[in-house]
Amino acid sequence: MTPELQDYFDRFNVSAAAREAVTAPSVMFINGEFTAGTSADSIPVLEPSTGAQLTALAQGTNADVDAAVAAARKAFDEGPWPRMVPAERQRILWKLADLIERDADILAEIETIDNGKAIGPCKDFDVLGSVELLRYMGGWATKIEGATRQISAGTDFFSYTVKEPIGVVGAVTPWNWPMNMAMWKLAAPLAVGCTMVLKTAELTPLSMAYVAKLMQEAGLPEGVFNIVTGHGHEVGAYLTAHPGVDKVSFTGSTRVGREVGKAAMSHFAPVTLELGGKSPMVAFEDADLEGIAEATRWSIFFNSGQNCSAGSRLYLHEDVFEQGLEVIKSQITQMKLCPGLDPDCDIGPVISAGAKANIERYLDLGRDTARTVFGGEKQTGDGFFVEPTLFAVEDNSSPLVQEEIFGPVLVALPFKDEAEAIALANDNPYGLGASVWSRDGARAQRVMRQLQAGSVWINCHDVVDVIMPFGGVKNSGFGKDLGREQIDHYLHTKAVTMAL
Ligand code: NAD
């Protein structure tokens, strides 16, 4: 560890366990063992507040993916996990939840150091949210049911369906919620008896490496859960096209999702694609403006805007347009932009220099073509900081409105009436989330029905819960994570008919 990194950790009293976890070489987890894999090459892992290198990540190869898939295959075909009574699988997943809860402070430190996000929300949402999800999905293990049917061929037949785990799952996750997105991918399939190989994001591998140790402690049998690391276009592409994988589950950008969909189809594996978003908030003249400002805080500015369902387009009725922007400005300019380890941090840095440069291109465009309500200036100095920004935009076809910026940048546009608001909101390639803001319940319901989105929130935004299915339409992908709907993606329904 460099003296600068040591000083940085001392400044925020980082625990010895977290220091160890973020500076030790990060390796893969295959067949119950940690391994550097078959290549001597590595990928640097950076700390986003300072840009300093934390550690190096093992660069996986196709041979490592083959080994991980073989381990998951053996665990599925011969191992105890799919054959265990469901209550025992439930017990192990609940034990894992207890261990994550026990180490929640350490995991929050690891995630914040690796990703840059603010540590308070990180503990509440990323870490404790994962605990809640494991408990919820673990509970499904004991509630899988088939059905009996009376077929038309005659009453001397007995027909029923059996739900079976689909097999080996190949999952790929992004860096914006490294641990939480991995939990979204693993909790449901493990609950029903699948085994899996996860490819973590190369920018943020550290929290899941720690979770793998907790899986060993919880008693998860070897080979049930495996991690491969490395570049997406290499190991990610190889994993999703692997004929040994029975189901592909991907969360990430729409561009990569298109490739992953083709890779899954190359071996006829069903696929879940949780992709990008540009979610509208539609607010009428009777909307609660303070509530909208609070929602933007927890949606587009929270996590530095690196949030797939962030309310990133705000359509405000023309009668309250200026007033609404002022309310948002008064709340959001109070937010503290600083290293995520600072206990008072509201907004940490974005993930990388590349992400910062990409967001800054939109800041340039906004300053040239829109009205800056607040923010918009480039940050200098170490670390990948981007100031929270609000642009008032006139043209719905502007790239500021059409494209996923994936930073703390909100765009606002006025509208005249309900029909125009719906047309503007739906005039976008994405369809992940949307919200309607009005005190008129019937209007809110009418608009909700017409919005093209996988989730619609009324008088709130981004209220995501383990019980509710989450997933988009249009270019935001298909399939659901969370909720009982996710369980079905990991079950094969076998139809059985017996002549009596
Ligand atoms: P990304 O698509 O660049 O990368 C995601 C993952 O895919 C990484 O692990 C990467 O290594 C891997 N990958 C890259 N190329 C690959 C390939 N050819 N084959 C297989 N895997 C490959 O996305 P990102 O920048 O890490 O994440 C941000 C994106 O994720 C945003 O668009 C965001 O909206 C989206 N996202 C969506 C949801 C959701 O639930 N819909 C949740 C979180 C993030």
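Strand β18 (residues 433–437) and β19 run parallel and are joined by 4 bridges; two strands are taken to pair if DSSP finds at least two bridges between them. Helices (H or I, at least four residues) and strands (E, at least two) are DSSP runs, numbered from the N terminus. The structure is a predicted model, in which local features need pLDDT of at least 70 and side-chain atom pairs count only at pLDDT 80 or more, whereas totals for chains, interfaces and linings use all residues. Residues are numbered from 1 along each chain as its sequence is written, and side-chain values use heavy atoms, with hydrogens and water left out.

In β19 (residues 455–458), Ser455 and Trp457 form the covered face, while Val456 and Ile458 form the uncovered one. The loop between β19 and β20 (473–474) contains Asn459. Asn459 is not a glycine, yet its phi is positive, at about 60°. Most residues other than glycine have a negative phi. Asn459 has a relative accessibility of 39% and therefore counts as partly exposed (buried is under 20% relative accessible area, exposed is over 50%, and partly exposed lies in between, with a 1.4 Å probe and protein chains only).

A positive phi, near 55°, also occurs at Asn31, a residue other than glycine. Asn31 lies in the loop between β1 (28–30) and β2 (33–35). With a relative accessible area of 34%, Asn31 is partly exposed.

An open sheet is built from 3 strands in the order β5-β6-β22, with antiparallel pairing. Strands β5 (148–149) and β22 (491–499) are at the edges and have a single partner strand each, so one side of each is left without a neighbour in the sheet. Strand β6 (residues 157–165) runs antiparallel to β22, and 9 bridges join the two. Across this pair, Phe158 stands opposite Met498 in β22.

The buried residues of helix α2 (residues 16–23) include Ala18, Arg19, Ala21 and Val22. These residues lie on the same side of α2 because they cover an arc of only 165° around the axis, the arc being that of the directions from the helix axis to the C-beta atoms. Their cover includes α1 (3–11), β4 (53–58), α5 (104–115) and α8 (206–218), where contact means heavy atoms within 4.5 Å.

Helices α11 (residues 289–301) and α12 (residues 321–332) pack at an angle of about 55°, and their axes are 9 Å apart. This angle makes α11 oblique to α12; angles under 35 degrees count as roughly parallel, over 145 as roughly antiparallel, 65 to 115 as roughly perpendicular and the rest as oblique. Axes are lines fitted to C-alpha atoms, for helices over the stretch in contact, and angles run from 0 to 180 degrees between N-to-C directions. Residues of α11 in this contact include Leu289, Ile292, Thr296 and Phe301, and those of α12 include Gln323, Val327 and Ile332.

Asp246 lies in the loop between α9 (232–240) and β10 (247–251). At a relative accessible area of 24%, Asp246 is partly exposed. Residues up to four places away in sequence aside, Asp246 touches Arg73, Ile166, Gly167, Val168, Ala269 and Pro270. The C-alpha atoms of Asp246 and Tyr490 are separated by 9.6 Å, with the two residues 244 residues apart along the chain.
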